[in-house]
Amino acid sequence: MLSAAVAVPLAGAAVLALARGWTERAARLFAIVATGVPAVLLVAAWLRFDLGSGQPFQLVEEAPWIPTLGVAWRVGVDGISLPVATMAALLFVAAVAYPEDYRGRPRQYFGWFLFLDAASLGLFLTLDLLVFYVFFDLSLVGMYFLIGRWGHADAQRAALKFFLYTFAGSLVMLLAILALYLATDPLTFDMAEIIAQQPLAGQATRAGLTLLGFAVGLGIKTPLFPVHTWLPPAHVEAPAPASAILAGVLLKMGTYGLVRIPLSMMRDTFSRYALLLGLFAVASIVYGALVAFGQNHLKRRIAYTSVNHMGYAVLGIAAAGALPSGQEAARQLALTGATVEMVAHGLVTGSLFLITGSFWRRAGEYDMDVYGGLASRASALTGATVLAAFASLGIPGLAHFVAEFQIFVGTFAVYPWLAGIGLLGVLVTAALFLQLLQKVFFGDLPERWAEFRDLVPSEAATLGLLLALVVVVGVFPRWLLDTIQTGSALLVATP
Amino acid sequence: MTMPVGHVVPELCLVVAGAAALVVALFAPRRLQWTAAVVALGGIAAAVVTTADLQAGPQQLTFSGTWAVDAAALWAKQLILVATAVAVGLSPEWFRTDPRHGEYYTMLLYAALGSIMMAGAADVMELVVGVLLASVAGYTLAAYHRRCPRSAEAGIKYFLLGGLTNPLLALGAVFLFGLAGSTLYQTLRLGLPAAASDPLLLVAAAVLVAVGLAFEMGAFPAHAWVADVAQGGPAPAAAFLTVVPKIGAAVAFARLFTLLPPEQVGWRPVVALLAAATMTLGNLAALWQDDLRRLLGWSAVSQSGYALMAVVVIDASDLALPALLLFLAAYAAGNLAAFGVVVELRGRTRLAGYRGLAQQRPWLAATLAVGLLSLVGIPPLAGFAGKWTLFAATMDGGYAWLAVLAVANTVVSLFYYLRVLAPVYFAPATEPIPALGGWAAAATMAAGAAAVAVGLAAGPLVDSFSRAQLLP
């Protein structure tokens, strides 16, 4: 079932690559179906997920690939990967359903989206370290072509910077993966096996360097301050649905990777350096929020809030791994919060970036200052943006609040002062979103936007779906938290 | 002296096919010169089949210990044969107007034979003969467009550098003979540690041999010919010369250096420095090239540096030999695919000329992308399997710094490969892009398909590579 969730979009991409003479409508419908299938499959997987099994991974499927070297196609889910993967699958449906200017090449556009869908789901579902790396890299390839081909004026430069920067990170991570691999006995990339072995425990220098490799590789992808600089240009130049995927799905690969690999496989070493990671997380929180406040470019502002939000997630992860044992309840809370943060950020920031696409198609402008008073012209657009912005700044009753509340409560127990500084970020985020709403939607309506069109049905439906989930997670988080806790409990438990 | 002729049937196939191609070339009319290519392909096919037959047998030394029939040599042989077949496929349309078209295949087969001899040599004299055969046939191939100054210049440069380094290799062979009293690898293995009374001579011998083989590999310090041959030589010959001798020389390098006693000759760090210099130099030189063939030439240099990483840790890590073979296979597929696209586009080489290729010729664009991304090591293409096993072997053998440097170089290489791919995919076409024809297209697509297949089907390959031995 999980393998099919990866195979279907991949096969769909191949079909689109080879097809001839499809209309835009046909290609789009096909893409919606091909991204819809894995979403349905993952929801079905969720229904079959057993909350009380106590197994580290469920719904496991395995097939040999390079048996001599311990590489295999292994997929499975736990309480962490299942919600993140399902969110990613849903966001892909939204991204392909959202209208966009295909520049006369709809077939290729949707083909790359399906390819990226397969790579992303493969990454979240795989239980093999080398396959994890494979999908990590493939996500770069897909995004490179989407930005370079369908992006704005300076897209090629941004795409190149994105590819080079994150590829450097992923190769550093590859070395770390290999260091971990070479320490296993017998040699294997099987994640479950490596988690059980904790291969580098007790080798201070080597383990430290390996952790550094993971921190750099995954930190670039997350992105953490100070290795975030590829992110703003990539977001600014990418077409809006690709931005939504970049923020909503690709950034999660960094934080998910931190949980899946160093936090699980190198507990001892991780706890030794967790405080350092927490410091970088707090720096990202504060820096991301402050710099976002200084931006007048819609996409750039939202892009920097991603640095801020992913900082919360990393702070939660750092707190969760702060100690090899003890304080289990608080650390579990932090990890659960970090996972909810990933889901919430995907849904909320995904929606926000899709909304920027609506602005671009109507006005060709990302500068906030040229807008104003749109609330009177476009009530649905205003409503969606206000809801997403409020969610993003952490209003109770919406998804981010559930996440950040748990992250901060959990972190207070282990790093009280880090949590204290981190709270500053929430204040700044609130200010910057309120200012955004005020500039764009309130005040006087400039003459040139007198004919500004409200959301069309396809936009309204897509945003409606995503934002409804944001409300559901905010109001009834229990079903989500119960699932995540099965994973986070195992990860913080003393072995 | 025993002469088990059965162990050299593949080589005999090449000798006979080369001679037959020459006969065809002498008597066939101009419009039928291409039939020599068919003869060559027939010889290669026979060699592939007979090599496969040997692969089912035991790994052993034969011809009184001068010739290795081990899995390393046999796999290298298969690689060389398949790569040569692709080079043959790239040629008929390219040389259609050349009056000496047919003889070209003889040269191609004999150059391949020289490379095969390098891979299988278990005697220093045998190795020297292989190197000389590959070089002499290679000079001719590089200069095959006699009236084209660039091609002649490439041939001269290749020849001059070869004329300098081949004697150095021979001199190294003499030194080894003087030290151990034999040129047989088996005897060297036992004799060289005893020759420690004169470590200086041993070091000198190692350096001389290394320089001689570096020439064939296109590695520092004898790499200077590669970019010129890639740019100026006939494009199918350039595809051949940047791939085939490298395979033979890399295996020969590994085989010979395992004989040196590491306690007396600290060769591992020195080869590591060679590898580091080769990959870095190649990459930096490729960085701003606007000529695709020259860019591929420098990239071929940098790839030799990666291949040398496996030599550094040969015998120190179990992964080294499988990684070397896998990497060479991946490199051959990726490089032949990229060069094949150049051939199929009639030698089109300015990067600006590749604008809009994806619109006009999507399959060729995809093949170029697959070839180049495989050379970078993007999964799941062949180059990825080659590179990660190489990195793992290097780290396993205690040369983590070399792996780190290789990673840095890989990032740099992505930059220039993307300089090629960006106009192909992101720019609109400005001019019609004519193509060459069916043979070249088929060979190119085959190489591109191999770059995908070797990556996806790495399992069985790694399985047999890891049972390979490097005798003696």
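**First stop: a helix pair in chain A**

In this predicted model, begin by selecting helix α12 (residues 298-320) of chain A together with helix α16 (residues 416-441) of chain A, which pack at an angle of about 155° with their axes 11 Å apart. Because angles over 145 degrees count as roughly antiparallel, α12(A) is described as roughly antiparallel to α16(A). The crossing of α12(A) and α16(A) is left-handed.

To see where the two helices meet, show the side chains of A:R301, A:T305, A:N308, A:G311 and A:L315 in α12(A), and on the α16(A) side those of A:L418, A:G422, A:G425, A:T429, A:L432 and A:L436.

**Second stop: the largest nonpolar core**

Next, select B:L108 and B:A310, which touch the most other members among the 418 residues of the largest nonpolar core. Helix α6 (residues 155-182) of chain A gives this core its largest share, 21 residues. Around B:L108, leaving aside residues up to four places away in sequence, look for its contacts B:A40, B:T84, B:A87, B:V88, B:L141 and B:F240.

**Last stop: a proline in a loop**

Finally, go to A:P199, in the loop between α7 (191-197) and α8 (204-221) of chain A. Is A:P199 buried or exposed? A:P199 counts as buried, because it has 23 C-beta neighbours inside 10 Å. Beyond residues up to four places away in sequence, A:P199 touches A:L180, A:A183, A:T184 and A:I194.

Definitions and conventions: Residues are numbered from 1 along each chain as its sequence is written. Chains are lettered from A and ligands numbered from 1 in the order in which they are written. This is a predicted model: local features need pLDDT of at least 70, side-chain atom pairs count only at pLDDT 80 or more; totals for chains, interfaces and linings use all residues. Axes are lines fitted to C-alpha atoms, for helices over the stretch in contact, and angles run from 0 to 180 degrees between N-to-C directions. Helices (H or I, at least four residues) and strands (E, at least two) are DSSP runs, numbered from the N terminus. Angles under 35 degrees count as roughly parallel, over 145 as roughly antiparallel, 65 to 115 as roughly perpendicular and the rest as oblique. A crossing is left-handed if the near helix is turned anticlockwise from the far one by less than a right angle, and right-handed if clockwise. Two residues are in contact if their C-beta atoms, placed from the backbone, lie within 7 Å. A nonpolar core is a set of buried Ala, Val, Leu, Ile, Met, Phe, Trp, Tyr and Cys residues joined through C-beta atoms within 7 Å. A residue is buried if 20 or more other C-beta atoms lie within 10 Å of its own, exposed if 12 or fewer, and partly exposed in between; C-beta atoms are placed from the backbone.
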